[in-house]
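Welcome, and thanks for opening your viewer. Load the model, switch to a cartoon view, and let's walk through it stop by stop.

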Amino acid sequence: MISFSGLARMQSLKARNSRRLLFSLVATLLFRTYTIKFLNLFVNYFQLKEQHKATFPFLVKRRTRNLQILVYHRINDENDLFFPATPIKIFERQMDYLAHNFNVCDLETAVDRLRRADVPENAVVVTFDDGYRDNYLNAFPILKHFSIPATIFLATDAIDTGKVLWHDRIFGAFRKTQKAFLDMPGRMARRYSLTTSAEKLVAQNEVLGLLRVLGGRDRLRVIDEVVSKLGVSEDSAAGEDLMLTWDQIRAMQKSGIAFGSHTVTHPILSVLSVEEARAEIQQSKSIIEKELGTPISSFAYPNGSKKDYSDEIVEIVQEAGYSCAVTTIFGTNDSARQLFELRRATPWDEDIFCFGLRLNCYKLCA
Ligand SMILES: [Zn+2]
């Protein structure tokens, strides 16, 4: 028998699938009839009204052009449910689309032009977070092929050290565990069933949420406990070839890929003390600068949602000598946007028509 909440979930899934299908049909129609070109002209001229959005007319003449920043993580065909990646072919199609329809800028130039309210039409920036090795193996050849500049934000503790970031330890442990359940320890006490992949994913996401509010040392202690309870031998959970090496980073740097800082250990900055946060923000910058022999001017907040950093953290990032910082808050950026809280969007659509339509639609937002 299906419970009421099960039925509600099925109905909302059905509604979501119907919306997706409709969006995909509209996208295909717009592209096949070349109407997308007119939509692009339209969104470059108009934007949604910011105040009193519900009042007519809903659109106003665009104040300034806006900049879209895309964020990727892993690019591979491993089909990993526990940390989904962008498949290589999809990434290639998206870069092909950007190269032929958008003005792909490097982050530094784009931010400079944003500062001067001089963003080029259809401007987009490509970024990657964390520093995964598949960025070099799979994304870099495609970026080179289409001459697309990109910025990779590195969490330096995991670069060339054989270490993995804390969230990758959790992904690896849930991926490999053979246990039927997990009893979460201490104040987070709760039993999670782990008999199917879907149950493991629910447990993994809830555990990640719980870990995100813990300070550095507490978080590491609980992660050790979770990994041990899941019966996974330490860091068979991840593997030594998960992250980039400095040689790979230098090879990409020579071909125009830029690098930014994503802290040392990828903590949630808002739960650290001011001293701990400052050390994470400053040290990662000096490590990358020393390895690459070039100033590092951009920063990405780990996890990057509004609750993952604070005004105090923004100040520390500015004091550390960065010239901009990116979040994972969804949106586009016009010249009114604070340069230390730039918004980004994750490329979500595997269908290239949907990808193109969504990039155009979201330009309306600012
Ligand atoms: Zn990250």
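Which helices do the buried residues of α6 pack against? They pack against α7 and α8 (216–229).

Before going on, two notes on what you are looking at. This is a predicted model, in which local features need pLDDT of at least 70 and side-chain atom pairs count only at pLDDT 80 or more, while totals for chains, interfaces and linings use all residues. Residues are numbered from 1 along each chain as its sequence is written. Helices (H or I, at least four residues) and strands (E, at least two) are DSSP runs, numbered from the N terminus.

**Stop 1: α6 and α7**

Select residues 166–176, which form α6. This helix is mostly covered, with 8 of its 11 residues buried. "Buried" here means that 20 or more other C-beta atoms lie within 10 Å of the residue's own; "exposed" means 12 or fewer, "partly exposed" is in between, and C-beta atoms are placed from the backbone. Colour W166, D168, R169, I170, F171, G172, A173 and F174 to see the buried set.

Two packed helices are described by the angle between their axes and the distance between the axes.

α6 passes α7 in a right-handed crossing. The handedness is left if the near helix is turned anticlockwise from the far one by less than a right angle, and right if clockwise. Show side chains for H167, I170, F171 and F174 in α6, which meet K200, A203, Q204, V207 and L208 in α7. A contact here is a pair of residues whose C-beta atoms, placed from the backbone, lie within 7 Å. By class, this contact of α6 with α7 has 6 nonpolar, 2 polar and 1 charged residues. Ala, Val, Leu, Ile, Met, Phe, Trp, Tyr, Cys and Pro count as nonpolar, Asp, Glu, Lys and Arg as charged, and the others, Gly among them, as polar.

**Stop 2: α2 and α12**

Next, pick residues 35–45 (α2) and 352–362 (α12). Their axes are 9 Å apart and the packing angle is about 25°, and α2 and α12 are therefore roughly parallel to each other. This time α2 passes α12 in a left-handed crossing. Look for I36, L39, N40 and V43 in α2 where they meet G356, L357 and N360 in α12. The residues of this contact divide into 4 nonpolar, 3 polar and no charged.

**Stop 3**

Select residues 311–319 for helix α11, and highlight its buried residues I313, I316 and V317. They cover an arc of only 100° around the axis (taken from the directions from the helix axis to the C-beta atoms), which puts them on the same side of α11. An α-helix has 3.6 residues a turn, so residues three or four places apart point the same way. On the face turned away from the buried side you will find the exposed residues D311, E315 and E319.

What do the buried residues of α11 pack against? Show α10 (274–292), β10 (298–300) and β11 (324–326). α10 and α11 pack at an angle of about 40°, with their axes 10 Å apart. That makes α10 oblique to α11, and their crossing is right-handed. The contact is made by V274, A277, R278 and I281 of α10 and E312, I313, I316 and V317 of α11. After α11 comes G321, with a positive phi near 100°.

**Stop 4: two backbone spots**

Most residues other than glycine have a negative phi, and most peptide bonds are trans. Zoom to A117, a non-glycine residue with a positive phi of about 55°. A117 sits in the loop between α4 (107–115) and β5 (123–130) and, with 12 C-beta neighbours inside 10 Å, counts as exposed.

Finish at H266, whose phi is also positive, near 60°. Look for H266 in the loop between β9 (258–261) and α10. Is H266 buried or exposed? H266 is buried, with 23 other C-beta atoms within 10 Å.

Key. Two residues are in contact if their C-beta atoms, placed from the backbone, lie within 7 Å. Axes are lines fitted to C-alpha atoms, for helices over the stretch in contact, and angles run from 0 to 180 degrees between N-to-C directions. Angles under 35 degrees count as roughly parallel, over 145 as roughly antiparallel, 65 to 115 as roughly perpendicular and the rest as oblique.
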